[in-house]
Amino acid sequence: MNDLETSHDAAVPRWYAIQCKGGESFRASEHLDNQGFEIFHPVLEVQKKRRGKLEWVCEPLFPYYLFIRLDRLASNWRPIRSTRGVLKIVSFGDQPLPVDDALIETLRRHASVARDASANVYFRAGEKVEITEGPFKDLSAVFDTHRGDARAIVLLDLLQRQQRLEMPISHLCRRE
């Protein structure tokens with residue numbers, strides 16, 4: 001009966017972590033998906049400043065890892081190791097280490113929450129910023145709020161008073 005329970009457990013699909021080569025988790029995910037594997041590759045949408053503009057970009061939540069659902073009996077594990085972007089299946093000794101289903105469900109729940117496109121996550125109210133372009137270049141200010149996707153309101157000390165100025169978000173950078 002113990003052997004029967006073991007073979008039944010082996011037939012239940014489980015999630016496993018795949019370690020990817022540096023910067024190739026998207027490539028590994030695409031190639032594994034093309035081979036018909038069930039993949040979960042959690043990503044975050046973050047704002048990055050590129051060429052002077054803020055853009056939303058997708059970055060992996062775990063830069064070198066993704067998850068794959070396999071069962072020990074029916075799944076063909078062999079092509080995984082030779083898939084482009086894959087380094088190895090995370091194992092303990094020579095046994096692949098399953099990932100808790102509850103962890104994957106939690107990650108999926110949080111990944112499905114859509115970002116608010118009007119929310120500015122690059123700067124926070126009260127954060128010190130430096131103006132990088134325009135007539136106020138190199139002056140320090142305090143980020144107040146955003147105005148749409150591309151404009152910001154900052155508080156700048158001018159003439160012994162705090163002034164509210166509107167400018168492109170791309171003209172601001174974090175003050176270190």
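Modeller: In this predicted model, contact means heavy atoms within 4.5 Å.

Colleague: With which residues is Ala-28 in contact, leaving aside its neighbours within four places in sequence?

Modeller: Ala-28 has its place in helix 2. Once the neighbours within four places in sequence are set aside, the contacts of Ala-28 are Cys-20, Leu-66, Thr-83, Arg-84, Gly-85 and Val-86.

Colleague: Is Ala-28 buried or exposed?

Modeller: The term buried applies under 20% relative accessible area. Ala-28 has a relative accessibility of 0%, and therefore counts as buried.

Colleague: Where on helix 2 do its buried residues lie?

Modeller: Helix 2 covers residues 25-34, and its residues Ser-25, Ala-28, Ser-29 and Leu-32 are buried. Viewed down the axis of helix 2, these buried residues fall within an arc of 100 degrees, so they line one face of the helix. In general, an α-helix has 3.6 residues a turn, so residues three or four places apart point the same way. The place asked for is thus one face of helix 2.

Colleague: Which residue with a positive phi follows helix 2?

Modeller: The phi in question is near 95 degrees. The residue that follows helix 2 with this value is Gly-36.

Colleague: How far apart in space are Ala-28 and His-41?

Modeller: In sequence, 13 residues separate Ala-28 and His-41. From C-alpha to C-alpha, their separation in space is 9.7 Å.

Colleague: How many disulfides does a search of the whole structure find?

Modeller: Cys-20 is buried, at 2% relative accessible area, whereas Cys-58 is partly exposed, at 43%. A disulfide is a covalent bond between the sulfur atoms of two cysteines. The number of disulfides found in the whole structure is zero.

Terms used:
Residues are numbered from 1 along each chain as its sequence is written. This is a predicted model: local features need pLDDT of at least 70, side-chain atom pairs count only at pLDDT 80 or more; totals for chains, interfaces and linings use all residues. Side-chain values use heavy atoms; hydrogens and water are left out. Buried means under 20% relative accessible area, exposed over 50%, partly exposed in between (1.4 Å probe, protein chains only). Helices (H or I, at least four residues) and strands (E, at least two) are DSSP runs, numbered from the N terminus. The arc is that of the directions from the helix axis to the C-beta atoms. A disulfide is a pair of cysteine sulfur atoms within 2.5 Å.
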